[in-house]
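Please look over the sequence and the model below. Then read the short report that goes with them.

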There are 2 protein chains.
Amino acid sequence: MNEELRRVLILGGGLLGTSFALAVHRACPDAVLECIEPNSEHAARLAQLGVSKHIYSRPAEVTATYDLAVLAAPSSVCVAHLDFAARHATFVMDVCSIKQPLCDAAESLHLHKQFVPSHPMAGKAIEGPVGADASLFVDKTWLFLEDWTPPAVIVRLVEAVGAKPFYVADAAAHDAMVACVSHGIHITSLSAMLANDDWRRAKYPGLPDVSGPAFWDITRLASSPAAFWADTLIANADNVVQYLQTLQMYLSRFEQALSLRDKENIVTLLETARLARNEWSDNPHS
Amino acid sequence: MNEELRRVLILGGGLLGTSFALAVHRACPDAVLECIEPNSEHAARLAQLGVSKHIYSRPAEVTATYDLAVLAAPSSVCVAHLDFAARHATFVMDVCSIKQPLCDAAESLHLHKQFVPSHPMAGKAIEGPVGADASLFVDKTWLFLEDWTPPAVIVRLVEAVGAKPFYVADAAAHDAMVACVSHGIHITSLSAMLANDDWRRAKYPGLPDVSGPAFWDITRLASSPAAFWADTLIANADNVVQYLQTLQMYLSRFEQALSLRDKENIVTLLETARLARNEWSDNPHS
């Protein structure tokens, strides 16, 4: 398996990059892995794990060539290093949670045959390589784009680390979809946390004592790292703003129906949400 | 323990009422429990459990008297049966998720020495006695009001079923607090589900395939029973509307900051939410 991918370079030894290194090492013990990680703490942690033959502190140190370069850094950093990666590897795959800026950059560099935009639907609230896990991708969806068909050898590698490939039409569709199920959901969770904390500080210091499992589940994304999420949300700002408008439309409907004590309308909203969730749960892939 | 509470009548054999019957039976095997449950299916299920000495189909059938009557029905039903319960029991306790309508009714019936407004912070998405569980209240907060002090014998009963008593100032504070941590959180979860489903139907049928754990956790309350929640939300409408306005203020801040690509402001919002959640987690009771 993956005979053509003997030499892999990973740019970024954070949670995803380090997890991918561990997963590839476990699935393909003969593959030679090398990493670029500028943060010396992260690099030390990566060295401890013993899966990276060499760890560079910056791209300029790299002189070798590879079968695959994996861009596992914030999206703006990945865009900036796309040209470097393409000059050092047969294939370049990114694992960013947005696709349009990457595809645009790859397009302007004429990398259509070399570049594989992708997005593993896996993560953790713990930042950096400390949370890295060889099983992070097991049974998780790994998104590819239909108009940037991945070579079979890369699909096999993704399957080898346990992920399930799934194809979305193009970068625009991908970014709109994750604005909905991921980025918009993130802001929803954080806004609920902020609204609750607003009431705690203003009037009800005992609120945490009264909170139950529903509160803790719905606000859990608030513990995520701020810097990563700020970049991600800004890179997908137009789609996320549109999602927030849809969300606010439904919140306004609830607000209006409650103001009017309009029971029929409230039951309709509650029941529509219940049926929608049932339909989503019945989806064969979920 | 609970020597004064030998005879207990439970009005309502739904999830909470049946769980309480099971929990009291386990904690105090000598207590005599009787129930009122108009729904024949629920009554049959309750009979199977074997913890209720007698099951009445309506209050008019009850001629005996009790040490405690527990109102475990929707709040409007509990209000309507408060007078009946007070005539048949030394103490009357309700377990509704809102307190103002109950306290108002008890006040006008001059039940200050008899009535114990309370609210166990426990529940499940499964409706009716099918989901009932003798351990439902174990380690859960059981709210009482400071201005309706419960008699020691009732506090001991609540502790005997495993719950932790916690005191909130009054009905107004209670209802505002649950509007925040429970009722408002509920609408947040459902609105996110509705917004996601809107996008699925309008443009992206593949959305469920792209959804990850964050989506499923944040929207999980959408599977709750609509009828119960419609009553609860309407009974607490003013507070919930106020909470939704606070929530929409934060969503608008995110929306505006994203529209302007205002990174500093976005980082501030994300970081404030992260610190708030840490503070809540550090609360000794959570």
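**Ground rules**

This is a predicted model, in which local features need pLDDT of at least 70 and side-chain atom pairs count only at pLDDT 80 or more, while totals for chains, interfaces and linings use all residues. Residues are numbered from 1 along each chain as its sequence is written, chains are lettered from A and ligands numbered from 1 in the order in which they are written, and side-chain values use heavy atoms, with hydrogens and water left out.

**Chain A**

Chain A has twelve helices and eight strands. Both kinds of element are DSSP runs, numbered from the N terminus: helices are H or I with at least four residues, and strands are E with at least two. The C-alpha trace of chain A spans about 70 × 40 × 30 Å along its principal axes. Of the 286 residues in chain A, 57% are buried. Buried means under 20% relative accessible area, exposed means over 50%, and partly exposed lies in between (1.4 Å probe, protein chains only). Among contacts in chain A with a separation of 6 or more, 62% join residues 24 or more positions apart. A contact means heavy atoms within 4.5 Å.

Val79(A) sits in helix α3 (residues 75–80) of chain A. Its relative accessible area is 29%, so Val79(A) is partly exposed. Leaving out residues up to four places away in sequence, Val79(A) touches Pro101(A), Leu102(A) and Ala105(A).

Helix α2 (residues 40–49) of chain A has a detail at its start: a side-chain oxygen of Asn39(A) reaches to within 2.9 Å of the backbone nitrogen of Glu41(A). After α2(A) comes Gly50(A), with a positive phi near 70 degrees.

**Where the chains meet**

How many residues of chain B are in contact with chain A? The count is 92 residues of chain B, in contact with 92 residues of chain A. Together the two chains bury about 9,000 Å², 71% of it on carbon and sulfur atoms. Buried area is the accessible area (1.4 Å probe) that two parts lose on being put together, summed over both. In chain B, Trp199(B), Arg277(B) and Trp280(B) lose the most area to chain A, together 10% of what that side buries.

Between chain B and chain A there are 28 residue pairs in polar contact, both residues at pLDDT 80 or more. A polar contact is a pair of N or O atoms within 3.5 Å; within protein, one must be able to donate a hydrogen and the other to accept it, and residues adjacent in sequence count only if both atoms are side-chain atoms. On the side of chain B that touches chain A, α7(B) gives the most, with 23 residues.

**Charged pairs**

Side chains of opposite charge can pair when their charged atoms come close. A salt bridge is a side-chain nitrogen of Lys or Arg within 4 Å of a carboxyl oxygen of Asp or Glu. The structure holds 20 salt bridges over all chains, and eight are counted between chain B and chain A. Some of them are listed here.

| Salt bridge | N to O distance |
|---|---|
| Asp231(A) and Lys263(B) | 2.8 Å |
| Lys263(A) and Asp231(B) | 2.8 Å |
| Asp197(A) and Arg200(A) | 2.7 Å |
| Glu61(A) and Arg58(A) | 3.9 Å |

Asp197(A) and Arg200(A) are about one helical turn apart, because they are three residues apart in helix α7 (residues 171–202) of chain A. Asp197(A) is buried at 5% relative accessible area, and Arg200(A) is buried at 16%. In the pair of Lys263(A) and Asp231(B), Lys263(A) is partly exposed at 40%, and Asp231(B) is partly exposed at 25%. Salt bridges that share partners join Asp197(A), Arg200(A), Arg201(A) and Glu279(B) into one network.

**Cysteines**

How many disulfides does the structure hold over all chains? The number is zero. A disulfide is a pair of cysteine sulfur atoms within 2.5 Å. The sulfur of Cys35(B) is too far for a bond, because the closest cysteine sulfur, in Cys78(B), is 14 Å away. Cys78(B) is in no disulfide, and its nearest cysteine sulfur, that of Cys96(B), is 3.5 Å away. Cys35(B) is buried, at 1% relative accessible area. Cys78(B) is buried, at 1%.

**Positive phi in chain B**

Asp139(B) is not a glycine, although its phi is positive, about 65 degrees. Asp139(B) is exposed, at 53% relative accessibility. Arg261(B) has a positive phi near 50 degrees. Arg261(B) lies in the loop between α11 and α12 of chain B and is partly exposed, at 38%.
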